[in-house]
Amino acid sequence: MSVMSCGGGGGGNLNLKQSWQKWADDHRESQRRNPFSGSHSVTERLRPGEQGYGLPTQGSQTEQRGREAHSQVGKEMDELRGIIKRIGEAGPDGKTRVTFGRLFDAYVTISNKVVGILLRARKHGLVHFDGEMLWQGRDDQLLITLVD
């Protein structure tokens, strides 16, 4: 007997009604926590420092996409390190170095995200370079040092 069936005492309709009510209750709760829902009565709001602040809801698609992106960036940083090892030269301290211009020329054939990956790799302590941003042309002679 299908859920939409009208016969047999209404058990199917009761299941459908309960299922719909659960969805509506879950949706109402998620909207109550969503600051972008358009509701001005957001009653639950995490504050900086509280557990879960700035993080996606556990088990959500957003959390899954974040994990996948983090994994992809990790792979790209490993690939960047490999390229620096391959085309770079050892400096006086034994650390591998390459100029930004040479790295840009080698890496741009693989990905157009070389500057973003370099910034992320520096944040993770994998490479070192001076300055806040890298610009093609202006910073071509700037040394990128692989931190082992």
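Colleague: How many helices and strands does the secondary structure of the protein come to?

Modeller: The protein has four helices and four strands. Helices (H or I, at least four residues) and strands (E, at least two) are DSSP runs, numbered from the N terminus. This is a predicted model, in which local features need pLDDT of at least 70, side-chain atom pairs count only at pLDDT 80 or more, and totals for chains, interfaces and linings use all residues. Residues are numbered from 1 along each chain as its sequence is written, and side-chain values use heavy atoms, with hydrogens and water left out.

Colleague: In which order do the elements run from the N terminus on?

Modeller: The order is α-α-β-β-α-α-β-β.

Colleague: Why is Thr-96 called buried?

Modeller: Buried means under 20% relative accessible area, exposed over 50%, and partly exposed in between (1.4 Å probe, protein chains only). Thr-96 has a relative accessible area of 16%, and is therefore buried. Thr-96 lies in strand E2, residues 96–99. Leaving out residues up to four places away in sequence, Thr-96 touches, among others, Ile-84, Gly-88 and Ile-144; contact means heavy atoms within 4.5 Å.

Colleague: What makes up the largest nonpolar core?

Modeller: A nonpolar core is a set of buried Ala, Val, Leu, Ile, Met, Phe, Trp, Tyr and Cys residues joined through side-chain atoms within 4.5 Å. The largest has 21 residues, and those with the most contacts inside it include Ile-84, Val-114 and Ile-144. Helices H2, H3 and H4 and strand E4 each supply at least two residues of this core.
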